[in-house]
Amino acid sequence: MENNSEYVPSTGHRIWRVVKEAFIVLFGALVVSAVLQHFVGQMFIIPSGSMENTLKVGDRVIAEKLTDVKRGDIVVFRDSGGWLGPHPMVERTGVGKALEFVGLLPDTSQNYLIKRVIGMPGDTVLCCDAEGRITVNGFALNEKAYLYRSEEGEQVTPSDVAFRVVVPQGRMFVMGDHRNASADSRCHLSDGVPGQPQGSDAFVPLSDVSGTGWAIFAPFNRTRLLPTQDAFANVPAPVAPAPQRGVIEPAGVTC
């Protein structure tokens, strides 16, 4: 006898189908998130006040990985030079580690810093001209748009440390926007580096860059895109190829 009755899945089968579909969707989302983290963008937490008031402690910053680094960019980079010293790593649970892997939590596997790029390979960076301004390849930077201001409106000086450097091949010279609260490239110009010239760690390898600051994601009352700075738009190209070793004058200068 022909049976025309339709098959009705059991409750257990329907639940399993929903769970399976949810798992597929979740797995796909995690894969997409992981790909985005490694090739497109990643979130980092600002740990200090060295970039105030552009970035504040606790800001969640999205760093994009699609564009090349240029002068004026805010960059996140690995601390291969040991600027931060030994730091205990944040311990995450298994779930936390999984979320970190796919980019849903900030990366804690390495120490990172975030600064503004002042000089690129071959650039001559000098502090300071007669008006107290940083110059790059002889061009005086107008940094008023991003240098730190106190609550009273007083702006920090571009640098209290006098120096002249030529950035070597494959490296960059970086400074924080809160200049008197930033242990940046200036403060490592006299560091001893085993097997390398003194001060080599002041110049950050471009290969250490994890991304360029693109936007503040959180807290949400601070969510915004990070602007491109016009201060560097008219900096001329270096007059000579980048040297293999950085030039630092005077010898022994530091913060």
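Strands E3 and E4 pair in the antiparallel sense over five bridges. Strands here (E, at least two residues) and helices (H or I, at least four) are DSSP runs, numbered from the N terminus. Two strands pair if DSSP finds at least two bridges between them.

The model is predicted: local features need pLDDT of at least 70, side-chain atom pairs count only at pLDDT 80 or more, and totals for chains, interfaces and linings use all residues. Residues are numbered from 1 along each chain as its sequence is written, and side-chain values use heavy atoms, with hydrogens and water left out.

**Exercise 1.** Find the salt bridge partner of Asp208, then explain what the pair ties together.

*Solution.* 
- Step 1: Recall the rule. A salt bridge is a side-chain nitrogen of Lys or Arg within 4 Å of a carboxyl oxygen of Asp or Glu.
- Step 2: Apply the rule. Asp208 bridges to Arg78, with the closest N and O atoms 3.5 Å apart.
- Step 3: Asp208 sits in the loop between strands E10 (204-205) and E11 (209-218), and Arg78 in strand E3 (residues 74-78), so the pair ties together parts 130 residues apart in sequence.
- Step 4: Asp208 is buried at 7% relative accessible area. Arg78 is partly exposed at 25%.

**Exercise 2.** Trace the salt bridge between Asp177 and Arg116.

*Solution.* 
- Step 1: Read the distance. The closest N and O atoms are 2.7 Å apart.
- Step 2: Locate the ends. Asp177 is in the loop between strand E9 (171-175) and E10, Arg116 is in strand E4 (residues 112-119), and the two are 61 residues apart.
- Step 3: Check burial. Asp177 is buried at 0% relative accessibility. Arg116 is buried at 1%.

**Exercise 3.** Which residue bridges to Glu143, and is Glu143 buried or exposed?

*Solution.* 
- Step 1: Name the partner. Glu143 forms a salt bridge with Arg179, the closest N and O atoms being 2.7 Å apart.
- Step 2: Glu143 is in the loop between strands E7 (139-140) and E8 (163-166) and Arg179 in the loop between E9 and E10, so parts 36 residues apart in sequence are tied together.
- Step 3: Check burial. Glu143 is buried, at 4% relative accessible area.

How values were computed
Buried means under 20% relative accessible area, exposed over 50%, partly exposed in between (1.4 Å probe, protein chains only).
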